[in-house]
Amino acid sequence: MRRFLSGALPFYALAGLAMCMYLVLYRTSLFDLNAIVHGATGSAWFPAFMFACVLVEAIFPYFGYFPGTALILMSVALSPKAVDGSVFVAAWLAIILGAVLSYGQARFFRPFLQRVASKAALRRCESLFDAYGRYARIALFVHPNACSMYFTALGLLGRSLTRELAYLCVGAAAAVGILFVIVTRLVSSIGPTDDGQLQVLLAAALVAMGTLIGFYTAWRPKAA
């Protein structure tokens, strides 16, 4: 059970955060996010707006969960024709920059961590990363928050960033591409929607993925 939770909990946490944002964005009257996205979609600055939103979401841990992905989903759902290659590239670059910044801030705070954490605790973190780090790269294909967590862990453990950049570029492109393909297919089949259904589907997908990864982690033979 412990090994299952070690693989599944990060994705369950992201799903929980996604549902919290769904409740805040769609079930309260704090602000009209639909009106904001409608206005931004019609502007020439929309790619820059999307870049900034996804970048904030992709920096860990200062902003927690910011609805950058939700804004991608809403923009595609509300106005599919307005979302072109420039928005795709903007979101892709934002994920990459956010991951690199997450890595950088983790390396910056690493000396402090080494002073306050025991050597045994750091060794346990190293062993966990050695056991599951290769498989944690799947996070790069899932969500900007998960991607930033992975690169934060890399920085805290002092691992090399260079060899991970190729995975980052491919993973960020896949994450944004999958979102665009899935959402545009949904929009073409059910019509434009702005009631939060896509955010709920994203949370459900994270739960399903976390469950599969948890089972894989639990059944995978232990390293010698």
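Phe141 sits in the loop between α6 (119–136) and α7 (144–156), where helices are DSSP runs of H or I with at least four residues, numbered from the N terminus. This is a predicted model, in which local features need pLDDT of at least 70 and side-chain atom pairs pLDDT 80 or more, while totals for chains, interfaces and linings use all residues. Residues are numbered from 1 along each chain as its sequence is written, and side-chain values use heavy atoms, leaving out hydrogens and water.

**Phe141 and its surface patch**
- Phe141 has a relative accessible area of 34%, so it counts as partly exposed (buried is under 20%, exposed over 50%, partly exposed in between, with a 1.4 Å probe and protein chains only).
- Together with Ile138 and Val170, Phe141 makes a nonpolar surface patch of about 240 Å² accessible area.
- Such a patch takes residues with over 30% relative accessible area and no salt bridge, joining nonpolar side chains within 5 Å and like charges within 9 Å.
- A salt bridge here is a Lys or Arg side-chain nitrogen within 4 Å of an Asp or Glu carboxyl oxygen.

**Helix α3 and Phe46**
- The 12 residues of α3 (residues 46–57) should span 16 Å at 1.5 Å a residue, and the end C-alpha atoms agree at 17 Å apart; the expected span is 1.5 Å times one less than the number of residues.
- Phe46 lies in α3 and is buried, because its relative accessibility is 2%.
- Other buried residues in α3 include Met50, Cys53 and Leu55.
- Phe46 and Ala90 are 44 residues apart along the chain, with their C-alpha atoms separated by 9.6 Å.

**Spans from the record**
- An unreviewed UniProt entry lists "transmembrane region" for several spans, including 87–106 and 200–219; such annotations may be inferred rather than shown by experiment.
- Residues 87–106 are 100% helix and 0% strand, with end C-alpha atoms 28 Å apart.
- Residues 200–219 are also 100% helix and 0% strand, with end C-alpha atoms 29 Å apart; a strand is a DSSP run of E with at least two residues.

How values were computed
Areas by Shrake-Rupley, 256 points an atom, 1.4 Å probe, with all protein chains shown as cover.
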